[in-house]
Amino acid sequence: MPRLNLLEETRFEKLPVKVYSDMLTASKAVAQRIAGIIKQKSEKKEQVILGLATGVTPIAVYNELVRLHREEGLSFKNVVTFNLDEYYPMSPDALQSYKVFMYKHLFSHVDIDPENVHIPDGALAQDDIAAFCLDYEQKITAYGGLDLQILGIGRTGHIGFNEPGSAPNSGTRLVTLDELTRSDAAHDFGGKANVPTKAITMGIGTIFKAREIILMAWNAKKAEIIKKAVEGEISADIPATYLQHSDHVEFVLDTAAASALTRFDTPWLVKDCVWDEQLIKKAVIWLAKTLNKPILKLTDDDYNNHGMAQLATEKGPVYNINIHIFNKLQHTITGWPGGKPNADDTQRPERAEPARKRVIVFSPHPDDDVISMGGTFLRLADQGHDVHVAYQTSGNTAVWDDDALRFVEFAIDFSRSQNIEDKKMEEIYKNMRSFLQTKQPNQRDPQEVETIKGLIRKGEAIAGARFVGLDDAHIHFQNLPFYDKRKTSREVSYEDDILQTMALLQQVKPHQIYSAGDFADPHGTHKTCFDILHESLKRLGETEDWVKNCWLWLYRGAWHEFETYEIEMCVPLSPKEVERKRVAIFKHQSQKDRPVFPGDDAREFWMRAEDRTSETANIYNQLGLAEYEAMEAFVRFKFNDTL
């Protein structure tokens, strides 16, 4: 049976959870625990048997272990490792191989004996896999079992590659990967079609025999599956729930990964709260959604029967709370995202003055602007603001190879039609065809091909921005260097990116900035682009007065919107504006029909965008506000508070 939690605050949680402020702090804590076991065993002249994981989650742990080895003398001579899994089939020297991963991030940087390293072999003949898996189990047993197993968790709830349906007593074996797991790996393989369909994995039964188990999870993408694993019923549908049976497991999370746990998401259900404005807004909206009632129809009984009696008592009467929150939501709605001239702006999300604002829309990829805030982009231009757009990266990884080839063929045919001989272009074309015929999954393109793909996306972005109403002088292509540098190394300097962004900001001196605010993936392009922008504003804020009067609005992508209680500005769109936004998105032809990296959503980008904005409008309407065709939502990032 799962252990019982004695703390009221964590009574929904069926296993121990430790939450840290951020991923780096949590990773260092896990690394220290591993180092402690290594040192303790070393003093006894004993070997340490570690079960290791791959993927993004443990990278910072391995970085810290390498630092401890280099700077504090932590030795790995007494360490024996067994990795959780490997794709099948998979060459051991392929870029996506977990053997390559482990040597890149850990083994090549410490003094571990290669004979003590054990990783499932993805290059085996299929007839040899069963015997290999049995031998893998026997080796772990011969060493006396695992002292510590570290785990990540997939969005299917898998641990290792134990996908839904895995048995709790399963051993090391060949498994079929879930489609969502393959979608999540698509970027590493240059598209989902290249991701193997199978893998060799340690079983849940093998993992359970470890004397300690640490499951780590970072960022909001993992929040929902963490809630199910920690608070849900034990089920084969979510293999991580089996860990509730263990007396030796701990989940180590950052605040984002823990955000859906009851004690953080709906704390009024487990404890008395300090009711600030944001928490009241969140609770009232949650109650209205839970009961499917407009805010103004919520009653005392509704509050009392759903854990909000304290709020009703301290801040009531209830009807006054309802009116207050209803008004706050009402005041987020504006048809004037740049501020309404000559109007009382005390209850509006944006300032009335200056009436004509200088605006920069920062777009991490060349289509994020129109997909995520195309309606607002159009409004700003239509209402006469001085609007600029800055495309932060080339987006050249997200173009199909045959599209690049087609554009070069067009260039050659056009040259010939004009009696222009271009031997250099024909040579590039010949080399392209030769390369693409033997190109391996996720192999980096030659510079000429990257340039062509970048130009394809540049042309589409120009077409979209012109359709919105911008002249060419207001369309900026930054091509930030980090984007290409990270194709060969994760350890890159962002100084050039920051300096370039500072120069553009100083040139425009904007009153308003729009930036992508989807930070679910801390290593993703959106988060990196925002960090570069934020650092640029911080530096400029030390010397430039205009920065103090600049407001930064965050928008989200086509997948997930801000939570309703977070929204600070919501721009309604008419059916005609939705149609115009769709046309702007259609200018990005290389991303239409079937983009290179579609994620786990089969819909086209324009469909996702329209569904997302119509859903936001429906939520506002269900809460008792006006009914609109669609709404684009924004949150203000108050960077000036930290200057």
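**Close-up 1. Helix α4, from end to end.** In this predicted model, helix α4 covers residues 129-142. At 1.5 Å a residue, its 14 residues should span 20 Å. Just past the helix comes G144, whose phi is positive, at about 95 degrees.

**Close-up 2. The buried face of α4.** Six named positions of α4 are buried: I129, F132, C133, Y136, E137 and I140. Viewed down the axis of α4, the buried residues fall within an arc of 140 degrees, so they line one face of the helix. An α-helix has 3.6 residues a turn, so residues three or four places apart point the same way. The charged residue E137 is part of the buried set.

**Close-up 3. What α4 packs against.** The buried residues of α4 pack against several strands and a helix. The strands are β3 (79-83), β4 (85-88), β5 (117-118), β7 (173-176) and β8 (198-201). The helix is α7 (204-208).

**Close-up 4. The outward face of α4.** Turned away from the buried side are the exposed residues A130, A131, L134, T141 and A142. A130, A131, L134 and A142 count as nonpolar, yet they are exposed here.

**Close-up 5. The largest cavity.** Searching the whole structure turns up one cavity of 30 Å³ or more. The largest cavity holds about 60 Å³ of space. Its lining consists of D367, I371, I585, F586, H588, Q591, K592, E604, F605 and W606. Helices α21 (575-586) and α22 (605-622) are the elements that each give two or more residues to this lining. By class, the lining has five nonpolar, two polar and three charged residues.

**Close-up 6. The second largest pocket.** This pocket has a volume of about 280 Å³. Its lining is made up of 18 residues. Nearest the centre of the pocket lie S394, N396, G454, N479 and D484. Helix α17 supplies the largest share, seven residues.

**Close-up 7. Residue classes around the second largest pocket.** Seven nonpolar residues are found in the lining of the second largest pocket. Seven polar residues and four charged residues make up the rest of the lining. D484, one of the residues nearest the pocket centre, counts as charged.

Key:
Residues numbered from 1 in each chain as written. Predicted model: local features only at pLDDT ≥ 70, side-chain atom pairs only at ≥ 80, totals over all residues. Heavy atoms only, no water. Helix = DSSP H or I, 4+ residues; strand = E, 2+ residues; numbered from the N terminus. Expected span 1.5 Å × (residues − 1). Buried < 20%, exposed > 50% of the residue type's maximum accessible area, 1.4 Å probe, protein only. Arc of directions from axis to C-beta. Contact = heavy atoms within 4.5 Å. 1 Å grid on protein atoms, 1.4 Å probe; cavity = no way out; pocket = protein on both sides within 12 Å on 5 of 7 lines; lining within 4 Å. Points joined across faces, edges and corners; volume = space filled by probe spheres on them.
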